[in-house]
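This report describes selected local features of one protein model. The structure is shown first, and the description follows.

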Amino acid sequence: MLIPLDYYRILGLPIQATAEQLQQAHRDRTLQLPRREYSEVAIVARKQLLDEACAVLSDSEGRKAYDASFLAKTYDRESEAALEAKHQRSKTSAGTATFLQDAGETAGPESKTLEAAPDPHTPSIEIDDNQFVGALLVLQELGEYELVQKLGRPYLNNGSIAIAEGRFGDPQLVRPDIVLTVSLACLELGREQWQQGQYENAARSLEAGQELLLRESLFPSVRGEMQADIYKLRPYNILELLSLPEEKVAERRRGLQILREMLQERGGIDGSGDDRSGLGIEDFLRFVQQMRRHLTSSEQQTLFEAEAGRPSAVATYLSVYTLLAQGFAARQPSMIRRAKLMLMQLGRRQDVHLEKAVCSLLLGQTEEASRALELSSEKEPLAFIREHSQDSPDLLPGLCLYAEHWLQEEVFPHFRDLANESVSLKDYFADPKVQAYLEALPLDTETANEWVVVQPRSGKPQGRLQPLGDRPPAPPQPPTAKQGASTVTLTPVPADASTAASSPKSQVAATAPNPAAAVSLPTAMAGGPSDSTSKRRRQHSGRSGATGKALTGDLVDRARTKATAITAQVKSMPPNRLALFLVAGVLSLLLLWLILSLLASALQALSGPSLQGDQALVGLEAPPVEIPAVAVVPDPTAAAPVSGEMTETAARDIVQSWLSAKAAALGPNHAVEELKQVLTEPALSRWQLMAEAQQRNNAHQRYGHKLQVNGVKTNPTNPDLAEVEAQVAEKAEVFDRDQLVSSRNENLRVRYQLIRQEGQWRIMDWQVIK
């Protein structure tokens, strides 16, 4: 049978090789034994081909004859018969070449196909049938992986009987050798395609070889190598599949399925499980960041919201990104509100106040946005915001500029369907759906400023929300915004007292030549009663008093004028008419006296009989008799302060009281006052703000806790200070207007800092220990 090989390639030499090089190559190739899994039959057949090549090329006359035939086949033109044969061979080989797609389950005429039409321009040699396994092995060593599969796979199909008949030698030895050679060709071809960036083809090649070994139940060690490569290849395969056009639904769905399998094996995005990809936590986070650019916002929402339920802090953070992007792009503030609720969960472990400020701004809660900025410790972004708010009494202008550029440059580019979308706060707030939703939101506790749209200052902040790795700070001098970008900044404009009293609504005006083009924000932007409201009430009360005084003076003047007129009329009357006038006046006075007397009698009758004799001296400043104090029955569910020495029992009581107060303050009844019973500064004010914010937003949480105190340590220099280390199992469900939006189940190791104030132990602060 003919095999597409030549003696020079068998020895790995060029045609110009010398005799010494020929002998050296033969010795080296003979010493380089194949893998130990091969049988003696394959090793002997390989050595026979090496010896035959060395023998032919070592003889000078034989080498000249072989070189003439070798060069003739390489450079002569194809004959008409060769062209026809080549066309026939290409038709039959097209079916056998599909092993890269369907694991090679294509039957063919086997050796007849290979011998019928050899390519006249491809050097070939005639070999015995029992040397076929050795020829496949040599081709595999030379890197002819596709040719090995093309030659070997037809004999492994169910319809082949050549091996079973013993044509190539003992079937019990030959078949495993052919299976091993074809499988190794799949393995090496997959690795080669991997290096070339053809990840899907590489995965198919590896899977084809693995399927062949599984079907034959041979060589588990080689199958293990393939499986290890498949696991390491999965991240690259996922990126290639997800980067396909959205019309390739099946392929992209396959990529998402592989990704979910990896996440399940790792235990989440930030899990520590082994998915055998070789990626650590940081490397996998970088892979996720790279992958996000190939996913749409809806695909990311489905993926990350499911992962956030593990729970996973990174998945929750990425869900916040997704909800913000979708809410802003689709003009659905309800999604932004859900993102804000998720940030409240993350706020226990990291500083996300800047993100909360952006969410509050997009929800029209400007006062809450300002408070969130005050709590943030992000120095560089805050410096940028302050720099662009120098001419304003608050930081809202800089926050608007920061939020707009951050959405444009750092949020939208990570979504396949939003990467080319433009960001405009003006268009967002002008949308009727946004206005209707903000109108229905609970009012802020403080009055919002009036807003107008101004041309933004040059410069844009560096994006800050980076869930993967370190967060790059905003540069001190950000570059100028892109030309032609539609950017709008909302700047607070202080209104005078009368304007503030009469028009509390915020407005947004378009950046256009016509300054009168303005869009009113919903009433929810204005907020509820506050200090400014009280001032307006006092101003209104002052104006009412002044108006009353002016009205009284006016009535006096009018009365004087009227009396003067009456006097003049009386003087001008004739005597008869004057007498009648005097009689009428007297009768009127008598009638008035009678009415007044009746009223006085009636009032005296209502007041009861008058008291006789000395009366008791009773004052309003003190009760006439001592009133005993009423015993107050304590509420068993309320958090009670713990006093005395700090013991393990006392520590369990105080921590349990805190967990109960937390569940009550953030629960559906919003019992914020219970926090004072167990917390002190700085934790008290922080959690009061959080509880009040949830109450305003009509959100609440339901908790379930299991507590175990691991240790108590009292400060040796100050007995009023102590530390308690506890294991807290917390299950929480977050509700938005009685609708469950998220849940988590965590097992935390927490160190509490306690202080004794006025004989009562309270919690100052705590930190989660990793």
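## Surroundings of Arg756

A polar atom of the Arg756 side chain lies 3.3 Å from the backbone oxygen of Pro719. A polar contact is a pair of N or O atoms within 3.5 Å; within protein, one must be able to donate a hydrogen and the other to accept it, and residues adjacent in sequence count only if both atoms are side-chain atoms.

Arg756 belongs to strand β10 (residues 739-757); strands (E, at least two residues) and helices (H or I, at least four) are DSSP runs, numbered from the N terminus. Its relative accessible area is 18%, so Arg756 is buried (under 20%; exposed is over 50%, partly exposed in between; 1.4 Å probe, protein chains only). Leaving aside residues up to four places away in sequence, Arg756 touches Gly644, Glu645, Pro719, Asp720 and Trp761, where contact means heavy atoms within 4.5 Å.

## Helix α8

In helix α8 (residues 132-141), 9 of the 10 residues are buried. Among them are Phe132, Leu136 and Gln140. The cover over the buried residues of α8 includes β1 (2-3), α3 (40-58) and α10 (171-195).

## Leu594

Leu594 is located in helix α26 (residues 575-606). Its relative accessibility is 43%, and therefore Leu594 counts as partly exposed.

## Basis of the values

The model is predicted: local features need pLDDT of at least 70 and side-chain atom pairs pLDDT 80 or more, whereas totals for chains, interfaces and linings use all residues. Residues are numbered from 1 along each chain as its sequence is written, and side-chain values use heavy atoms, without hydrogens and water.
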